[in-house]
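Please find my notes on this model below. They are set out as numbered points, to be read beside the coordinates.

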Amino acid sequence: MRLPLEPIRGMRDLIPPESDGLEYVGNAFADVASRYGYELIILPTIELFDLFAIKSGPEIKRSMYVFTDKGGRQVCLRPEFTAGVARAYLRLMRDRPKPVKLFYVGPAFRYEEPQAGRYREFFQAGVEFLGDPSIYADVELLLLIRDYYRSVGLSDYKIKMSTMAVYRSLFREWGMPEETQDLIIHYIDKKQLDDALKLVRQYNPSGIPLIEELLDVNSPEPDEIRSRVSGLELNPESVKEIGRLLRILELARNLNVGDPYVDLGFARGLAYYTGFIFEVVVPDAGFSIGGGGRYDRLVSVYGGEDLPATGFALGLDRLLLVLSGKGWNPPKRHARSALIALAEDYVLIDDVASKLRGLGLSVDVRVTSRKKLDDVLSDIAGRGYEYAVFLGGREVKEGAVTVKNLVRRTQKTLSLERLGLEDLP
Ligand code: AMP
């Protein structure tokens with residue numbers, strides 16, 4: 001039988017430079033998140049379908065990898081991490097003092113139509129900030145994003161922000177059930193405004209102009225937004241929520257977080273958002289590279305207490321696409337060297353290789369004969385190694401190695417007794 005070599009549609013085999021790049025941006029995220037006091041959470045890849053079915057929203061529900069396992073459970077590959085974090089929080093961390101701050105890095109799965117920057121298995125890095133209702137928690141998310149992108153060299157991104165609380169408070173006032181609210185928000189997310197307004201009409205036809213006005217608000221200027229909404233007939237809660245959003249916008253501007261702007265016509269497909277939401281967009285990229293927001297009721301939906309919470313997920317594959325479009329390459333982990341040994345003395349070879357690795361070099365051992373030496377050398381040069389280290393008959397006798405710097409084309413014979421980085425040619 002001949003097996004097809006292509007991975008399943010939407011799946012990818014990743015090799016360098018993509019695999020290196022992905023590992024680099026994942027580690028850089030872990031580094032920044034832990035500097036902000038977030039702790040690593042590692043969650044199962046497979047969860048019960050119900051966990052996501054409750055509050056993920058129609059978009060994600062449609063695109064989930066769902067199947068029945070051998071025990072007859074309806075399970076799915078996680079399409080995102082927040083629901084899993086909420087579940088694990090309830091099981092393991094409920095009694096901890098608040099806030100609880102967690103970060104994750106790993107693959108998520110969505111059965112979507114593959115295209116540039118859209119895969120069926122993709123990598124996300126994100127945080128969840130649980131137990132803090134204050135504006136600081138939302139702002140900290142933006143600060144973390146600022147420092148993370150700065151650390152990987154991404155500067156031209158925009159933060160698009162809105163709030164679900166304005167719409168939800170109006171919809172609640174108009175007697176709309178939560179599922180209908182979720183559906184309208186889904187339509188707004190998909191830019192199907194006619195469908196959204198049709199549903200609004202069923203509950204409050206006179207509210208349509210107000211919703212249309214709100215959806216049209218789009219500006220980076222707090223004062224302009226203030227004057228646009230000041231004439232609208234908002235309820236006190238929506239006025240408060242817009243004030244809160246403008247405060248976040250002002251802080252984001254002062255704290256140099258991307259290029260922030262408010263777009264009240266933007267919504268996020270995940271149905272659990274209750275307040276502030278945002279997306280990270282890159283000019284000309286045609287997709288968002290991250291998104292998040294406040295989800296104050298998700299934990300209670302799963303049977304827990306009312307727990308204020310906010311968080312985000314960044315798409316690492318898309319970040320890499322953007323970075324590599326700018327000519328970025330992941331920094332090399334180690335200078336690369338080949339240890340070329342002419343004697344099959346594996347104990348000695350291991351001793352020398354270990355010493356070199358101890359200096360921080362990556363060491364590729366080549367045991368060869370004098371006759372094949374030229375082939376080995378040209379192979380090594382072709383791979384772009386920085387050093388060739390020779391261990392031939394003379395070196396073995398002298399207890400030394402000959403190190404050739406392939407970039408500078410210099411060479412030195414060094415005693416194995418005192419092999420230091422500073423001695424390398
Ligand atoms: P979401 O919660 O859907 O906004 O996803 C958060 C981030 O994950 C997005 O901003 C993307 O960067 C990334 N993402 C979502 N779906 C995919 C996908 N199918 N392929 C690659 N990246 C994705």
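1. Which domains does the domain assignment of the protein give? It gives domain 1 (18–325) and domain 2 (336–423), the bounds being taken from an automatic or database domain assignment. Between the C-alpha centres of domain 1 and domain 2 the distance is 52 Å.

2. On provenance: this is a predicted model, in which local features need pLDDT of at least 70 and side-chain atom pairs count only at pLDDT 80 or more, while totals for chains, interfaces and linings use all residues. Residues are numbered from 1 along each chain as its sequence is written, and side-chain values use heavy atoms, with hydrogens and water left out.

3. The protein has 16 helices and 17 strands; these are DSSP runs numbered from the N terminus (helices H or I, at least four residues; strands E, at least two). With a radius of gyration of 28 Å, well over the 22 Å that the globule rule gives for 425 residues, the protein is more spread out than a compact globule. That radius is taken over C-alpha atoms, and the rule is 2.2 Å times the number of residues to the power 0.38. The C-alpha trace spans about 95 × 55 × 45 Å along its principal axes.

4. Of the 425 residues, 52% count as buried (buried is under 20% relative accessible area, exposed over 50%, partly exposed in between; 1.4 Å probe, protein chains only).

5. Is helix 13 (residues 316–325) largely enclosed or open? Seven of its ten residues are buried, so helix 13 is largely enclosed by the rest of the structure. The buried ones are Leu316, Asp317, Arg318, Leu319, Leu320, Val322 and Leu323. Their cover includes helix 1 (18–35), helix 5 (135–152) and strands 5 (100–109), 6 (121–130), 11 (288–294) and 12 (309–315). Just after helix 13, Gly327 has a positive phi of about 85 degrees.

6. One runs from Pro16 to Pro17, with omega near 5 degrees; Pro17 is in the segment before helix 1. Another joins Lys98 and Pro99, with omega about 0 degrees, and Pro99 lies in the loop between helix 4 (82–93) and strand 5.

7. Most residues other than glycine have a negative phi. Asn256, however, has a positive phi near 60 degrees; Asn256 sits in the loop between helix 11 (236–254) and strand 9 (259–263) and is exposed, with a relative accessible area of 53%. Arg409 also has a positive phi, near 60 degrees. Arg409 lies in the loop between strand 16 (400–405) and strand 17 (410–415), and is exposed at 71% relative accessible area.

Technical notes
Contact = heavy atoms within 4.5 Å.
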